[in-house]
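I opened this structure for a first look. These are my notes, in the order in which I looked things up.

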Amino acid sequence: MEVYSLGSGSKGNCMVVTNGKNSVMIDAGLGGRTMMSKLAQIGILPHELDAVLITHEHSDHIRSVGEIAAVAPIYSHADTLDAIGRVVALPYKQTLEIDEKGFSLGSLDIFPFRVSHDAVHPMGYVIKDENDSVCYLTDTGYISKGMMKMATGCKKVILESNHDKEMLVRGGYPEYLKRRILSDTGHLCNEESALACADLVKEGTTEVLLAHLSENNNLSELAYWTTRSYLKKCGIGKEVKIKVASQRDTVVLS
Ligand SMILES: [Zn+2]
Ligand SMILES: [Zn+2]
């Protein structure tokens, strides 16, 4: 399977997972024009998407959900679809309610799981086909044993590496916002991401995409090296590919 991060960060998130036969988008948080042109650049037509899986209702994940719903079905938890429905009218026939039970879309098996974030029912996703497995885990304040269980064994993992704690604490954000980000229902910091990454690599993960970086409280080099040096310290992961997702550029795991 190939994973295309069309854009990832505090300002908008949109990813595509495809095995050539079936394709799903995870989140539609980029601007409509940007999303459509980036899709075209990777050779996927919007109506070829089997589903658009939405993680939660924050605007950086649903900005263009209305546009993409015109051509592809939107899958999310019922409470999330309700919350989205209050902001943008989705064509009823184009929405499908899912929960933590797995389901299939052609050659892809999809397993949604609950994450910890200040949204009505935030979820991550594991996507598998007969050869490969991808876990998408962002927008979570911490990683529970249950989340870890879902991610364990996946060859490719997209893992939140939102902020450097020091940069956040010393930076100019108002106190309430710092507390929100640092809380159990906020975002994952570089160090927490590195710890999880080491555990996953020990269990067979070979490619990691660090994602959802904060524009103000992180640097891609910092996210990369926090994880890379921690793996080195553990004496593992030399052969593991680590990439950092970008807000502007498409980044590929293949
Ligand atoms: Zn969020
Ligand atoms: Zn987000």
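**Entry 1: strands and the sheet.** I began with a rule: two strands pair if DSSP finds at least two bridges between them. I also noted that this is a predicted model. Then I checked strand E9 (residues 123–128) against strand E10 (residues 133–137) and found 4 bridges joining them. The two strands run antiparallel. I looked up one bridge by name: Tyr125 has Tyr136 in E10 as its bridge partner.

Next I traced the whole sheet. It is open, with 7 strands in the order E7-E8-E9-E10-E11-E12-E13. The pairing is mixed. Which strands stand at the edges? I found E7 and strand E13 (241–244) there. Each has a single partner strand, so one side of each is left without a neighbour in the sheet. From one strand to the next, the twist averages 20°.

**Entry 2: helices on the sheet.** I looked for helices that touch these strands. Helix H8 (residues 190–202) packs on the sheet. H8 touches strand E11 (156–160) and strand E12 (207–211), and its direction makes about 165° with that of E11. Helix H9 (residues 220–233) lies across E12 and E13. I noted about 160° between H9 and E13.

**Entry 3: the zinc ion (ligand 1).** Which residues coordinate the zinc ion (ligand 1)? I listed His56 (NE2), His58 (ND1), His117 (NE2) and Asp139 (OD), at 2.1 to 2.8 Å. Along the chain, these donors follow the spacing H-x1-H-x58-H-x21-D. The angles among the 4 donor atoms run from 85 to 177°, and the site is irregular. For four donors to count as tetrahedral, all angles must lie between 85 and 135 degrees.

His56 is buried, at 1% relative accessible area. His58 counts as partly exposed, at 21%.

**Entry 4: the zinc ion (ligand 2).** I moved on to the zinc ion (ligand 2). Its protein donors are Asp60 (OD), His61 (NE2), Asp139 (OD) and His212 (NE2), lying 2.1 to 2.2 Å from it. Their spacing along the chain is D-H-x77-D-x72-H. This site is irregular as well, with angles of 90 to 173° among its 4 donor atoms.

Which residue bridges the two zinc ions? I found Asp139 there, with the ions 3.4 Å apart. His61 lies in helix H2 (residues 59–62), and Asp139 lies in the loop between E10 and helix H5 (145–151). The pair therefore ties together parts that are 78 residues apart in sequence. Both His61 and Asp139 are buried.

**Entry 5: aromatic pairs.** How many aromatic pairs are there? I counted 2. In one, the rings of Tyr75 and Phe103 have their centres 5.4 Å apart and their planes at 10°, so the pair is stacked. Tyr75 sits in strand E5 (residues 74–76) and Phe103 in strand E7 (residues 103–105), 28 residues apart. Tyr75 is buried, at 10% relative accessible area. Phe103 also counts as buried, at 18%.

Tyr224 and Trp225 form an aromatic pair that is edge-to-face. Their centres are 5.0 Å apart, with 90° between the planes.

Definitions and conventions:
Residues are numbered from 1 along each chain as its sequence is written. Chains are lettered from A and ligands numbered from 1 in the order in which they are written. This is a predicted model: local features need pLDDT of at least 70, side-chain atom pairs count only at pLDDT 80 or more; totals for chains, interfaces and linings use all residues. Side-chain values use heavy atoms; hydrogens and water are left out. Rings of Phe, Tyr and Trp (its six-membered ring) pair if their centres lie within 6.5 Å; planes under 30 degrees apart count as stacked, over 60 as edge-to-face and the rest as tilted. Buried means under 20% relative accessible area, exposed over 50%, partly exposed in between (1.4 Å probe, protein chains only). Axes are lines fitted to C-alpha atoms, for helices over the stretch in contact, and angles run from 0 to 180 degrees between N-to-C directions. Contact means heavy atoms within 4.5 Å. Donors are N, O and S atoms within 2.8 Å of the metal (3.2 Å for Na, K and Ca); water is not among the atoms, so sites may look incomplete. Four donors count as tetrahedral if all angles lie between 85 and 135 degrees; four count as square planar and six as octahedral if opposite donors are over 155 degrees apart and all others between 65 and 115; anything else is irregular.
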